[in-house]
Amino acid sequence: MRLPYAPAEPATPDPETAEIYARIAARRRPRPLIPLDLSLLHSPPVADGWNSFLGAIRTQTVVNQGLLELAVCRVAVLTGAVYEWNAHAPLALKGGVQPAELRAVRTLPSTVQGDIATAVEAVAQSGLTAQQKAIVRYADEMTQTVKVQDETFAQLHREGFSDREIVELTTGDCLLQLCESRSGGFGCRGEQCTGNEERG
């Protein structure tokens, strides 16, 4: 870890900073602040924004939670984020994803790198639902090429996702990528940086 942790309590009597600490502590309760919080609290406004963003994705979304977690798990596979997979795979199962579906998301090849035709066919022949297949293609393109094809995006709508649900899937995927970038910058990976961030 390249940064020391900020104090677990505000170091100054500034009321605005105290309110930020209180908001983060309220979202974490009954757990204490985690290492991620204590890293970001070097800049209280940034920590506050992160807390609000993360809280919205974790507790105020309408997209099916199993599908949201499945999307996050796919990004974890593509980025090699083992810790994030271990944290989010149980949440996907809790949200109704079947173990075989989760295994498929973990083992299917990328649909945008390598033998693309074979990978696309593997997804098509997998036991995933139509919505899950659309999510895999979307996550692959968004994560590995950073350019989603019009047809891939249109498929999300055809599979019944609303505009709001697509925004939530997209920001969930982006959040995982942001977590990985943050961990790399701070010089930490996994639990050292993120702690146990279960949903809620």
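Which helix holds Ala119? Ala119 is found in helix α7, residues 116-125. Helices (H or I, at least four residues) and strands (E, at least two) are DSSP runs, numbered from the N terminus.

This is a predicted model, in which local features need pLDDT of at least 70 and side-chain atom pairs count only at pLDDT 80 or more, while totals for chains, interfaces and linings use all residues. Residues are numbered from 1 along each chain as its sequence is written, and side-chain values use heavy atoms, with hydrogens and water left out.

Start with the whole chain. The protein chain has eleven helices and zero strands. Along the sequence the pattern reads α-α-α-α-α-α-α-α-α-α-α. Of the 200 residues, 45% are buried. Buried means under 20% relative accessible area, exposed means over 50%, and partly exposed lies in between (1.4 Å probe, protein chains only). Contact means heavy atoms within 4.5 Å. Among contacts in the protein chain with a separation of 6 or more, 69% join residues 24 or more positions apart.

Now return to Ala119. Ala119 counts as buried because its relative accessibility is 1%. Leaving aside residues up to four places away in sequence, Ala119 touches Pro109, Ser110 and Thr111. Leu108 is eleven residues from Ala119 along the chain, and their C-alpha atoms are separated by 7.2 Å.

Leu108 leads on to another residue, Arg74. The backbone oxygen of Leu108 lies 3.0 Å from a polar atom of the Arg74 side chain. A polar contact is a pair of N or O atoms within 3.5 Å; within protein, one must be able to donate a hydrogen and the other to accept it, and residues adjacent in sequence count only if both atoms are side-chain atoms. Why does Arg74 count as buried? Arg74 counts as buried because its relative accessibility is 0%. Not counting residues up to four places away in sequence, Arg74 touches Val105, Leu108, Pro109, Ser110, Val136, Ala139 and Asp140.

Arg74 lies in helix α4. Helix α4 covers residues 65-79 and has 15 residues. From its first C-alpha to its last, α4 reaches 21 Å, close to the 21 Å expected at 1.5 Å a residue. The expected span is 1.5 Å times one less than the number of residues. Helix α4 is mostly covered, with eleven of its 15 residues buried. Among them are Leu67, Leu70, Cys73 and Val75. Asn64 caps the N-terminal end of α4, placing a side-chain oxygen 2.9 Å from the backbone nitrogen of Gly66. Just after α4 comes Gly80, with a positive phi of about 70 degrees.

Next comes helix α8, residues 130-144. The buried residues of α8 include Val136, Ala139 and Asp140, and these three also touch Arg74. Helix α8 has 15 residues and reaches 21 Å from first C-alpha to last, close to the 21 Å expected at 1.5 Å a residue. Val146 follows α8 and has a positive phi, near 55 degrees.

Where does α8 meet α9? Ala134, Ile135, Arg137, Tyr138 and Glu141 in α8 meet Thr152, Phe153, Gln155 and Leu156 in α9. The residues of this contact divide into five nonpolar, two polar and two charged. Here Ala, Val, Leu, Ile, Met, Phe, Trp, Tyr, Cys and Pro count as nonpolar, Asp, Glu, Lys and Arg as charged, and the others, Gly among them, as polar. The axes of α8 and α9 (residues 150-158) come within 9 Å and cross at roughly 145 degrees. Axes are lines fitted to C-alpha atoms, for helices over the stretch in contact, and angles run from 0 to 180 degrees between N-to-C directions.
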